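Hi there,

Here is the structure I promised to pass on to you. Have a look at it first, and then read on for what turned up in it.

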Amino acid sequence: MNMNYEECIKACLECMKACNSCFDACLNEEDIKMMARCIRLDRECADICSLAAKAMQSNSPLVKEICLLCADICEKCGEECKKHSHHEHCLQCAESCFKCAEFCRKMVS
């Protein structure tokens, strides 16, 4: 496994965990309709982070494309979570998303 991947894999797995926690916490919010886009993006983001980590671990020939897509989805999820800054879980998720996007872009460049 490429050593450059290690930090990026860690960021992806942390982001996946943050998105899953945010997703779960959003389901328990009072106004769930208001959280719908956040919930949906949390799911998408957790899935792509998982895929990106696996792609790096297996040295996939598509690792660059997957990591670029991961960065894009992380940024979208982070932007959405930022809109719900009154929820701690959304703030933490946004932070993880932006960090993951940054690592993915660095890794690809």
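Before anything else, one term: two residues are in contact when they have heavy atoms within 4.5 Å. With that in mind, take Cys 45: setting aside its neighbours within four places in sequence, Cys 45 is in contact with Cys 15, Cys 19, Ile 73, Cys 74, Cys 77 and Cys 97. Please keep in mind throughout that this is a predicted model.

Now for the overall picture. The protein chain has four helices and zero strands, so from the N terminus on its elements run α-α-α-α. The radius of gyration is 13 Å, close to the 13 Å that the globule rule gives for 109 residues, so the chain is as compact as a globular protein of that length. Along its principal axes, the C-alpha trace spans about 45 × 15 × 15 Å. Of the 109 residues, 45% count as buried. If you take the contacts between residues at least 6 apart in sequence, 68% of them join residues at least 24 apart.

What about the inside? In soluble globular proteins, nonpolar side chains tend to be buried together. Here, the largest nonpolar core has 40 residues, and those with the most contacts inside it are Cys 12, Cys 45, Met 56, Cys 70, Cys 74 and Cys 100. Each of α1, α2, α3 and α4 supplies at least two residues of this core, and α2 gives the most, with 11 residues.

Ile 66 has a relative accessible area of 15%, so it counts as buried, the limit being under 20%. Leaving aside its neighbours within four places in sequence, Ile 66 touches Ile 48, Leu 51, Ala 52, Ala 55 and Ser 60. The C-alpha atoms of Ile 66 and Met 56 are 9.3 Å apart, and the two residues are 10 residues apart along the chain.

The loops have something to show too. His 84 is in the loop between α3 and α4. Is His 84 buried or exposed? His 84 is buried, with a relative accessible area of 5%. Not counting residues up to four places away in sequence, His 84 touches Met 34, Met 35, Cys 38 and Cys 90.

Asn 59 is in the loop between α2 and α3, and it is partly exposed, with a relative accessible area of 47%. Most residues other than glycine have a negative phi. Asn 59 is not a glycine, yet it has a positive phi of about 55°.

Last, a look at the rings. There are zero aromatic pairs in the structure. Two rings do have a charge over them, though: the charged end of Arg 43 sits over the ring of Phe 23, 4.7 Å from its centre, and the charged end of Lys 106 sits over the ring of Phe 103, 5.2 Å from its centre.

Enjoy exploring, and do write back with questions!

Best wishes

Key: Residues are numbered from 1 along each chain as its sequence is written. This is a predicted model: local features need pLDDT of at least 70, side-chain atom pairs count only at pLDDT 80 or more; totals for chains, interfaces and linings use all residues. Side-chain values use heavy atoms; hydrogens and water are left out. Rings of Phe, Tyr and Trp (its six-membered ring) pair if their centres lie within 6.5 Å; planes under 30 degrees apart count as stacked, over 60 as edge-to-face and the rest as tilted. A charge sits over a ring if NZ of Lys or CZ of Arg is within 6 Å of the ring centre and within 35 degrees of the ring normal. Buried means under 20% relative accessible area, exposed over 50%, partly exposed in between (1.4 Å probe, protein chains only). A nonpolar core is a set of buried Ala, Val, Leu, Ile, Met, Phe, Trp, Tyr and Cys residues joined through side-chain atoms within 4.5 Å. The radius of gyration is taken over C-alpha atoms; the globule rule is 2.2 Å times the number of residues to the power 0.38.
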